[in-house]
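Hello,

Here is the structure you will be working with. Please open it first, then read the notes below.

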Amino acid sequence: MGRKLLLEHIHVPGINTLAVYREKGGYRAVEKALKTMSPEDVVEEVKKSGLRGRGGAGFPTGMKWSFLAKPEGVPRYLVCNGDESEPGTFKDRYLMNNIPHALIEGMIVSSYALGANTSYIYIRGEMMPQIRIIENAIQEAKAAGWLGKNILGTGYDLEIYVQPGGGAYICGEETALLESLEGKRGNPRIKPPFPAVAGLYGCPTVVNNVESIAATVPIVNDGGEEYAKIGIERSTGTKLISASGNLVKPGVYEIEMGLPVEEFIFSDEYCGGIANGKRLKAVVAGGSSVPILPANLITKTINGNPRLMTYESLADGGFVSGTAMGSGGFIAFDEDQCIVRNTWNYTRFYRHESCGQCSPCREGTGWMEKLLYKIESGNGSLADIDLLWDIQRRIEGNTICPLGDAAAWPVAAAIRHFRDEFEWHILNPGESQQRNYGLAHYADPLEPVTQ
Amino acid sequence: MAEEIQKFKVSIDGIAIEVDPGTTILNAARQIGGDIVPPAMCYYSKLEGSGGKCRTCLVKVSKGSEKDPRPMPKLVASCRTTVMDGMEVQNITSPDVVDARKAVVEMLLINHPLDCPVCDQAGECKLQDLGYEHGAVNTRYEFERRTFDRVDLGDKIQLHMNRCILCYRCVFTANQLTGKREHGILYRGDHAEISTYIENALDHDFIGNVIDVCPVGALTDKTFRFKNRVWFTKPVDAHRDCPTCSGKVTLWYKGTDVIRVTGRKDEYDEVDEFICNTCRFEKKHTDDWVLEHPTNVSDQSVIASNHYHAFNPPAVIQENPQLKEANVEQLARSEKLK
């Protein structure tokens with residue numbers, strides 16, 4: 001049984017309330033940090049813990065914090081990125097929904113470490129229940145003296161505000177999030193300057209994912225070194241994985257880093273294997289933007305080593321035979337699933353969510369979507385596969401923000417590992433035109449949807 | 001005594017130059033000039049925050065600086081990346097850059113119609129130049145292009161979104177020059193479009209400058225539309241005593257008629273000074289202006305096909321005795337400037 005740091009008390013009735021959360025040891029980290037540690041001590045503990053950003057990029061959190069500029073007379077901000085909208089990723093909303101005070105406690109500890117007196121929790125607008133839950137938790141915490149002026153008599157002041165987002169995937173990109181938070185259109189900014197120098201309202205800002213912020217609580221409670229003992233290599237601690245697809249037990253799991261992927265998929269403690277006794281065909285290991293891997297590469301690396309749930313092991317082999325941990329959106333596909341249909345579906349998403357600022361992403365995602373639909377519907381030619389490959393290659397790396405890469409990688413990996421399926425669609429147009437996965441109404445927007 | 005600013009040594013395609021700290025790679029390249037200057041569709045030095053969007057100016061930084069000589073992992077937008085001391089940049093000497101630029105041109109042309117024969121921007125269009133320099137002969141795009149209805153933004157400006165490449169220049173111009181936020185981008189991705197709120201008219205004194213900054217033919221001057229091809233016109237620099245703007249413009253002559261007035265542009269197609277609507281749209285007679293000299297047009301430009309370098313009074317004036325008389329004083333003054 002793996003250790004649980006974030007979801008340990010998830011099944012305790014009423015854990016979403018301050019009283020029960022306190023009974024289970026909640027807000028100890030705030031007391032410890034504010035009363036016995038300096039902000040620099042907290043940063044140091046987070047550095048020692050080896051915690052890497054849980055939003056997808058995996059950048060070391062402590063190092064990110066230490067980059068924060070500290071000019072005199074200028075406020076600093078902590079912004080929590082709760083704009084969780086990567087297809088296949090739903091861990092943050094699960095955490096906010098069930099243990100909101102874990103986030104609030106983490107916000108207080110992190111804000112203290114960064115010297116921020118005003119912090120924001122940016123939550124995707126559609127997640128209205130979570131927004132209300134977090135707002136309620138803030139009110140509870142404030143009424144109990146954990147927020148506001150002179151917290152615990154230490155002289156530290158902190159206000160936390162919840163900001164609903166406009167409902168755009170791109171607002172999960174940190175600079176687009178800041179633009180949106182400032183009330184502007186959520187377009188990514190061109191870096192540099194990085195938010196650590198000029199972020200929210202031009203002031204030094206740290207943007208962290210919900211899970212990263214919540215993870216600071218056990219780090220402060222037990223110490224960074226204890227946290228670093230969990231996991232292996234440079235992947236320390238625990239990680240929330242949102243598992244979905246054709247699994248027996250989809251859901252949100254907290255795993256210790258280093259868990260073998262095979263165990264995660266097939267053991268009863270976690271996903272329980274592939275549903276309906278089918279065989280595993282492919283896995284997207286870290287949310288829709290990371291490369292898809294066929295079954296033979298997801299459990300073992302190209303060298304025959306067991307593939308582990310760590311940043312390093314999942315990335316082993318680069319994008320040729322590896323993938324990425326990403327945000328932990330683990331999607332399994334059984335043998336009946338169509339990779340071309342799935343890739344088209346992802347690309348449709350990225351086309352819809354591209355902000356439109358830069359040309360390759362704006363035009364390229366639309367082009368890819370049309371080509372994928374053409375192939376999927378049995379109207380493609382073999383040359384279309386090469387064209388598709390060329391388009392994704394020309395988007396990747398040439399855009400302002402990583403959305404272009406996120407759109408290109410799934411297409412590249414699908415062609416790389418499942419080219420025969422693309423060819424099947426083209427060589428068997430009659431059969432592919434007759435297939436219907438319940439998505440037929442998307443194919444032709446003018447076609448009436450039958451009830 | 002003022003402290004001397006430490007200059008940064010930069011090399012672009014092997015050509016070294018020293019520039020002030022804070023200079024972007026693009027502007028450093030512009031100081032060298034020639035073929036190594038990356039193209040720019042969205043960058044406009046007069047507009048704060050512009051650049052970085054079209055990706056035509058991507059370059060390769062093969063050496064970051066003297067202190068950190070590592071190359072940058074990706075191509076960078078030269079218009080938004082500032083130089084470091086010892087930086088080495090590759091533009092046309094890098095196959096990656098040339099390939100990326102070709103890709104960007106292809107993407108830009110997906111939804112941009114090749115209607116140059118009927119477009120008022122033909123001959124002045126940066127996308128046209130870019131297409132000739134970096135584009136492929138054939139398109140690989142086979143799907144239906146996005147199309148929009150033309151929109152009149154007031155009685156003098158027409159927006160033709162089919163041609164728009166979403167460079168945001170006009171949005172920045174409207175925001176920064178007029179101070180009125182009534183013009184921007186709606187929707188996302190390839191559905192995005194430039195628009196006013198519920199088809200408002202744009203009626204600020206300086207709003208005509210959105211036409212000058214548009215690198216393609218999306219925003220056009222309704223007082224000039226379909227009047228002539230630009231290479232049949234004769235540009236002449238002129239000025240007037242304008243209470244609103246500097247009054248320094250370029251008059252575009254067709255015969256004896258001034259058929260268009262624009263701001264004066266430099267070799268990178270950026271206006272020197274923004275001009276007001278009155279100068280642009282309402283002063284279309286030679287006697288409204290004090291003529292200076294023929295506009296200096298690059299030999300590379302199609303406009304140069306009808307232009308002359310030695311100073312002479314514009315032919316239109318020689319042919320018109322009345323105008324010639326009226327301009328004797330101005331011509332004499334211009335002669336002194338030779």
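Which residues does Ile104(A) touch, not counting residues up to four places away in sequence? Keep in mind that this is a predicted model. In it, Ile104(A) touches Tyr27(A), Ile121(A), Ile134(A), Ala137(A), Ile138(A), Ala141(A), Leu147(A) and Ile160(A).

Cores

Ile104(A) sits in the largest nonpolar core, which has 60 residues. Together with Ile121(A), Ile104(A) has the most contacts inside that core. Helix H6 of chain A, residues 100-114, gives the largest share of this core: nine residues.

Chain A has an open sheet of five strands, in the order E9-E8-E12-E10-E11. The pairing is mixed. Strand E9 (251-256) and strand E11 (292-294) of chain A are the edge strands, and each pairs on one side only. From one strand to the next, the twist averages 30 degrees.

Take one pairing in detail. Strand E10 (residues 280-284) and strand E12 (residues 329-334) of chain A run antiparallel and are joined by four bridges. Ala282(A) stands opposite Phe333(A) in E12(A).

Helix H18 of chain A (residues 403-427) lies across E10 and E11 of chain A. H18 runs at about 45 degrees to E11(A).

Aromatic pairs

How many aromatic pairs are there over all chains? The count comes to 19. For Tyr253(A) and Phe264(A), the ring centres are 5.8 Å apart and the planes stand at 90 degrees, over the cut-off of 60, so this pair is edge-to-face. The pair links distant parts of the chain, 11 residues apart. Tyr253(A) is in strand E9 of chain A, and Phe264(A) is in helix H11 (residues 261-266) of chain A. Both Tyr253(A) and Phe264(A) are buried.

Chain B has an edge-to-face pair too: Tyr141(B) and Phe143(B). Their rings are 5.6 Å apart, centre to centre, with 75 degrees between the planes. Tyr141(B) is buried, as is Phe143(B).

Back in chain A, ring pairs link Tyr77(A), Tyr120(A), Tyr161(A) and Tyr201(A) into a cluster.

Asn305(A)

Where is Asn305(A)? Look in the loop between helix H12 (295-298) and helix H13 (311-314) of chain A. Leaving aside neighbours within four places in sequence, Asn305(A) is in contact with Thr299(A) and Lys300(A). Asn305(A) and Cys203(A) are 102 residues apart in sequence. In space they are 46 Å apart, C-alpha to C-alpha.

An annotated stretch in chain B

UniProt, in an unreviewed entry, places the feature "domain: 4Fe-4S His(Cys)3-ligated-type" at residues 96-135 of chain B. In the model, the chain over residues 96-135 of chain B is 60% helix and 0% strand. The end C-alpha atoms of that stretch are 15 Å apart.

Best wishes

Notes. Residues are numbered from 1 along each chain as its sequence is written. Chains are lettered from A and ligands numbered from 1 in the order in which they are written. This is a predicted model: local features need pLDDT of at least 70, side-chain atom pairs count only at pLDDT 80 or more; totals for chains, interfaces and linings use all residues. Side-chain values use heavy atoms; hydrogens and water are left out. A nonpolar core is a set of buried Ala, Val, Leu, Ile, Met, Phe, Trp, Tyr and Cys residues joined through side-chain atoms within 4.5 Å. Buried means under 20% relative accessible area, exposed over 50%, partly exposed in between (1.4 Å probe, protein chains only). Helices (H or I, at least four residues) and strands (E, at least two) are DSSP runs, numbered from the N terminus. Contact means heavy atoms within 4.5 Å. Two strands pair if DSSP finds at least two bridges between them. Axes are lines fitted to C-alpha atoms, for helices over the stretch in contact, and angles run from 0 to 180 degrees between N-to-C directions. UniProt positions are given in the numbering used here, feature names are shortened, and annotations may be inferred rather than shown by experiment. Rings of Phe, Tyr and Trp (its six-membered ring) pair if their centres lie within 6.5 Å; planes under 30 degrees apart count as stacked, over 60 as edge-to-face and the rest as tilted.
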